Amino acid sequence: GISKGASSCLLPATTEPPRCSCRAAEPSEAAGALQEPADSSSERQPGGVTANECARPQRPYYSRAAAMSSTSGEVLGFIGEWYDAVPMLTRKFLIKIFVESNSIEIYHVGSGPSKCFLRKSPLQSDLSVDSFNVGEKVLINSRLINLVDYADPYTRRKLSAFNDSNVVVLSPDAYHNMGKIMGDFESEGLRLDKLTTVQLGEAELSELLPLLGIEGPDGQLLSLWTSGVLVAMSLKGQQSSTRVPEMVTSLKSKYAVSQMEGALWTGSGLQDFFFSGARSFATTATFDRATCGVIRPHAVKSGNAPAIIDAVLESGFEITALQMFSLDKTCASEFLEVYQGVIPEYPDTVLELCSGTCIAMEVKAPQASGLEVCSAFRELAGPWDVEMARELKPKSIRAQYGVNRVLNALHCTDLVEDSVPECLYFFDLLQRS
């Protein structure tokens with residue numbers, strides 16, 4: 001189980017980890033889309049992209065479909081990387097997105113002349129222009145490609161406005177409203193980029209509270225801020241640095257009980273405090289009478305994660321730990337290993353779980369409820385088959401937010417004996433890695 005996972009996930013620093021390593025598609029799998037290479041090293045396309053252009057690294061961004069529609073008739077360029085497991089090489093691609101026609105063209109970029117990898121073709125039905133963001137992963141012809149950079153200055157200028165990020169902290173008094181608050185930001189185009197729960201001591205709070213503009217800490221403040229978990233979330237979107245503080249002020253009127261119990265807070269230096277890696281926070285997971293839930297990448301990308309979190313809390317469950325992860329194929333395979341041979345869609349399910357960020361949760365049943373949490377949470381999730389869930393359990397999470405048997409919105413532990421090991425995988429093993 002866990003010890004086996006540690007050996008293949010935690011590689012020596014001198015070994016390149018098999019990031020997003022998916023098998024190479026056979027020619028027949030590409031349905032005729034893969035073409036014979038053609039030299040296009042000097043070809044310049046609309047939007048100023050050439051197959052040999054590669055810009056400096058840039059921070060990830062999130063775009064919204066409405067904003068992207070203003071680029072009609074233009075071409076956006078990205079640099080993508082795919083880890084080829086057979087020769088153990090990372091291959092680089094130039095990806096061109098034709099916004100007006102919703103089409104894609106890909107070139108392989110190597111040491112020699114660039115070669116055409118995928119001629120201009122319509123985007124797959126599960127992809128859109130909005131799917132292509134630096135920092136995201138896209139599954140194209142059985143290849144899971146990391147989008148690592150902009151390909152040309154035009155795309156960088158056009159989309160740099162979406163790079164802005166800001167951090168919001170939810171104090172323990174906002175715990176039961178965390179899903180609703182996340183949804184309020186999501187509805188305004190501010191997407192979850194990083195997410196974690198922490199519980200801080202007095203020394204850490206004496207550093208954090210001044211960043212939030214709170215004087216103290218005094219006895220009452222310490223009692224409030226140490227009474228439960230805090231939720232820290234980094235939000236990304238256009239003009240986030242100015243819009244987030246405005247929204248925090250507005251949402252306080254909706255969720256704050258008093259000036260001290262202010263529900264949500266923001267300030268300067270929070271990105272470094274929570275997400276720079278300079279501090280190591282102990283997990284808030286208990287690993288005791290709990291089960292594991294994982295909001296799948298497709299549900300995160302579609303903006304349904306806040307509603308799923310809210311549904312869990314509204315059903316009376318307690319979320320004792322919450323964190324966003326980006327898994328590679330090795331880790332996704334290890335986590336889902338017990339389901340190999342059980343579900344026919346296992347290979348596709350593994351690829352989906354590493355196709356973007358997921359949100360892991362440690363979930364506990366209400367105290368004194370007497371419920372066995374694994375089966376109770378599985379009931380809330382609904383049947384694995386989404387069509388069956390819609391027929392038999394129309395109010396379940398999978399019925400409401402799932403698409404099919406692979407894109408079924410939420411993973412939940414199947415067997416009681418696997419509950420704690422699955423929580424340990426995310427909140428212990430991956431934390432230490």
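# A guided tour of the predicted model

Begin by selecting strand 5 and strand 6, which a hairpin of five residues connects. Helices (H or I, at least four residues) and strands (E, at least two) are DSSP runs, numbered from the N terminus. This is a predicted model, in which local features need pLDDT of at least 70 and side-chain atom pairs count only at pLDDT 80 or more, while totals for chains, interfaces and linings use all residues. Residues are numbered from 1 along each chain as its sequence is written, and side-chain values use heavy atoms, with hydrogens and water left out.

Strand 5 covers residues 103-109 and strand 6 covers residues 115-122; the two pair in the antiparallel sense over five bridges. Two strands count as paired if DSSP finds at least two bridges between them. Select S103 and then P122 in strand 6, its bridge partner.

**Second stop: strand 11.** Select residues 230-236, which form strand 11. How many residues of strand 11 are buried? Seven of the seven are, so the strand is largely enclosed by the rest of the structure. Buried means under 20% relative accessible area, exposed over 50%, and partly exposed in between (1.4 Å probe, protein chains only). L230, A232, S234 and K236 point one way from the strand, whereas V231, M233 and L235 point the other way.

Strand 9 (residues 165-170) pairs with strand 11 in the antiparallel sense over six bridges, and V168 has M233 as its bridge partner. Strand 10 also pairs with strand 11 in the antiparallel sense, over seven bridges; here L192 has L235 as its bridge partner.

The structure holds 16 salt bridges. A salt bridge is a side-chain nitrogen of Lys or Arg within 4 Å of a carboxyl oxygen of Asp or Glu. D193 lies in strand 10 (residues 191-198) and K236 in strand 11, so placed that the pair links parts of the chain 43 residues apart. Both D193 and K236 are buried.

Next, select K180 and D310, whose closest N and O atoms are 2.9 Å apart in their salt bridge. K180 belongs to helix 4 (residues 178-187) and D310 to helix 10 (residues 305-314), so the pair ties together parts that are 130 residues apart in sequence. K180 counts as partly exposed at 30% relative accessibility, whereas D310 is buried at 15%.

Then select D84 and R91, a salt bridge with its closest N and O atoms 3.0 Å apart. D84 is buried, at 8% relative accessibility, and R91 is partly exposed, at 26%.

Select residues 416-432, the 17 residues of helix 16. From first C-alpha to last, helix 16 reaches 25 Å, close to the 24 Å expected at 1.5 Å a residue; the expected span is 1.5 Å times one less than the number of residues. Where does helix 16 bend? The bend lies at Y425 and is about 40°, taken as the angle between axes fitted to the seven residues ending there and the seven starting there. Among the buried residues of the helix are D418, E422, Y425 and L429.

**Last stop: confidence.** The protein averages a pLDDT of 84, and 83% of the residues score at least 70; pLDDT is the predictor's confidence in each residue, from 0 to 100. Finally, select residues 1-72, where the pLDDT is below 50. Where pLDDT is low, the predicted coordinates should not be read in detail.

Notes
Contact = heavy atoms within 4.5 Å.
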